[in-house]
Amino acid sequence: MSSIHILWVDDEISHLKPHIIFLEQKNYKITPCSNGSDALEVFAQNNFDIVFLDENMPGLSGLDTLSELKKLNGNIPVVMITKSEEEYIMEEAIGSKIADYLIKPVNPNQILLSLKKNLDHSRLISEKTSSSYLQEFRKISLEMMGLKSTEDWKNLYQKLIFWELKLEDSQDRTLLEILEAQKIEANQQFGRFIEQNYADWFQDNEAPILSHTLFETKIAQHLSKDQPTLLVVIDNLRYDQWKTIEKTINTYYKTSENSMYYSILPTATQYARNALFSGLMPKQMETLYPKYWKNDTDEGGKNMYEDKFLAEQIKRLNINHLTHEYIKITNLKAGKKLADNFKTKTKNDLTVLVYNFVDMLSHSKTDMEVVKELASDDKGFRSLTHSWFKNSPLLDIIKQAQQLNFKLIITTDHGTINVKNPSKVVGDRETSLNLRYKTGRSLSYNGKDVLAIKDPKSVELPSISMNSSFIFAKESSFFAYPNNYNHYVNYYRNSYQHGGISLEEILIPFAVLTPR
């Protein structure tokens, strides 16, 4: 490894010779300077890794030198060294984004520690993280063999995402491959778990919280006239994406509940989000509200009546004394308009905001080469979501909600998965088009890739015709027709899809936050 190059600026640099010799023996390269003006000239002509800068120098002061250094290279770490402990000097230096602050007299070990902290910090953390994950790897593998309950699966998935985010910046490709293999194994076993248990949840008091029970069991308890509530449903938001944007939200809100719930099947907007707002399963919606429910093969939008479904559920739960408003945002202009007028929402006890960006992003990944490049994997997908969120009207709305003392609830309707493995399917003209689930008659498919539901009523789903069944893709499979197979597969492979069975699609975030 090449040596670290340090610029050390001090008007008494000759007194620091023992320190310099100490660092040189540790393979650091030191360029000494006795004043700020010379330092700036040397700095402009060389590549340094870090600067040690005396605060109290004649001529160009340490703070002035710092300012000029940052103009030349704003990313260079600068360690300020001073005799003074006056608060205003510390505040000014810290405000100028110094990397560290040392008080004279300094000893060589202090300098070495500062170097380690600023230059080796990422490497040391990465090594510690890698070591910790390797210790945890065996525990997770053993846990996977004995998972029996819905809570077990939530806990395991949270662990996998925790380690994925911790290892995200690791340069150890082997560890990342081990984690990816562990996620694949987890999804294989989760598919079997859903296959064995899903139908029982509709006859079972031990069922987990599902899309159609979320509002009654988790949301309604937080609603009151004492404090307005903002419920944000970010369409298609995975748990890992939530953990990524949560850090930004925590500047304004404290997370008081951070949990998951289970999306119903199909893990698609038409089914899962309508279930969330209606408090009913799709078969019940079709029976009780035929004018609001549309099946896959019906013409027209499938989520046009969420506001009506919500109003009916609020009435059914006897909380219609609470005033509410439903808002759906599908483009930037509408988001900015709401941000400009959000103060008017204080009149509502409940403001429900459906924000469609992540869904648009996942579909754009299929259609736009630039998005494919930026979100080529889960890490890129998370990063793109975070970048959008930090610059979105939604964050502005959340900031205003905090200032206006809104309680904040954030959730979603389903997640999404990067699909990799094509699975051939054949159906008639009435077969639905989704890549992760199909419904129709006379479906031919590869049984090992799917969960097949021959009787939709057994899982509270409607039948689009006599003898219709549902099939759901498991793990990272996606359905492809034999006609024009290669073109179809190349187009959709490595795109983000939803509707099937995976940890990413089914186990989704639910968070309650209180204003800071």
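A pocket, on a 1 Å grid over the protein atoms alone, is an open set of points where a 1.4 Å probe fits, with protein on both sides within 12 Å along at least five of seven lines, and its lining residues have an atom within 4 Å of a point. This is a predicted model in which local features need pLDDT of at least 70 and side-chain atom pairs count only at pLDDT 80 or more, while totals for chains, interfaces and linings use all residues. Residues are numbered from 1 along each chain as its sequence is written, and side-chain values use heavy atoms, with hydrogens and water left out.

**View 1. The largest pocket and its centre.** The lining comprises 26 residues, of which Glu164, Glu180, Lys183, Asp378 and Lys420 lie nearest the centre of the pocket. The space inside is about 630 Å³, a volume being the space filled by probe spheres set on the grid points.

**View 2. Contributors to the lining of the largest pocket.** Helices (H or I, at least four residues) and strands (E, at least two) are DSSP runs numbered from the N terminus. At least two lining residues come from each of α8 (173-197), α17 (378-390) and β11 (417-418), and α8 gives the most, with eight.

**View 3. An open sheet of three strands.** The order is β14-β12-β17, with mixed pairing, where two strands pair if DSSP finds at least two bridges between them. Because β14 (444-445) and β17 (477-480) each have a single partner strand, they stand at the edges with one side left without a neighbour in the sheet. Strand β12 (residues 421-426) runs parallel to β17 and is joined to β17 by four bridges, and Pro422 has Phe478 in β17 as its bridge partner.
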